[in-house]
Amino acid sequence: HDTLPISHIERTPLDLGQLLTELEPLLVAAVPKRGCCDFDQETEPLWIEGNEAQVTQIFLNLVQNAFDAVAGLEPEERRVVVRTRRSAHGDVELVVDDSGVGISAGLKEQVFEPFFTSKEEGLGMGLAISRTLVESYGGRVWVRKSRIGGASVRFSLPVPEDDDSMQAS
């Protein structure tokens, strides 16, 4: 059977901050087993145009990787920080920082390749899927050193053309 390309999946206006607020209780429930997770979100709506299930999948992939990165640390050393913000260029950004060992410079692109994993049980698909989805929205995803010691995985998405006219639903 034929499948629709990712770009043809229905997209609607979404407030990224509101979506993450709705997902926060799920993550907080997992925190006692995984480590400390903090949310630092913009108070203003951060509108994007996307598919809620896809954006949720991207977010959960990034947070799961961060939790995996800190799992081997002592509980008091485990930190995951999720931030949303408007970039200097006006795009909407989601940043997931962790206090794990980080990603070496030579692997910063390789981690987005299908089937690349540094985990014994990992399939190596989470970041590859996330990049495909983000790029299908005209955005980008990248890794750099985190302010809290480990990796900082970020994605940015363009703001819809009619951002000013969007209202919370």
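This is a predicted model: local features need pLDDT of at least 70, side-chain atom pairs count only at pLDDT 80 or more; totals for chains, interfaces and linings use all residues.
Visitor: What share of the contacts with a separation of 6 or more joins residues 24 or more positions apart?
Guide: First, some background: of the 169 residues in the protein, 41% are buried. The accessible surface is about 9600 Å², with 51% of that belonging to carbon and sulfur atoms. As for contacts with a separation of 6 or more, the share from residues 24 or more positions apart is 66%.

Visitor: Which side chain of opposite charge is nearest to Asp15?
Guide: Asp15 is buried and has no salt bridge. A salt bridge needs a side-chain nitrogen of Lys or Arg within 4 Å of a carboxyl oxygen of Asp or Glu. The nearest side chain of opposite charge lies 8.0 Å away, and it belongs to Arg86.

Visitor: Which backbone nitrogen lies 3.0 Å from a polar atom of the Asp15 side chain?
Guide: Good one, as there are two backbone nitrogens to look at here. The Asp15 side chain reaches the backbone nitrogen of Gly17 at 3.1 Å. Leaving aside residues up to four places away in sequence, Asp15 touches Pro45, Leu46 and Trp47. The backbone nitrogen at 3.0 Å is that of Leu46.

Note on methods
Residues are numbered from 1 along each chain as its sequence is written. Side-chain values use heavy atoms; hydrogens and water are left out. Buried means under 20% relative accessible area, exposed over 50%, partly exposed in between (1.4 Å probe, protein chains only). Contact means heavy atoms within 4.5 Å. Accessible areas come from the Shrake-Rupley method with a 1.4 Å probe; for residues, only the protein chains shown count as cover. Lys and Arg count as positive and Asp and Glu as negative; His and the chain ends are not counted. A polar contact is a pair of N or O atoms within 3.5 Å; within protein, one must be able to donate a hydrogen and the other to accept it, and residues adjacent in sequence count only if both atoms are side-chain atoms.
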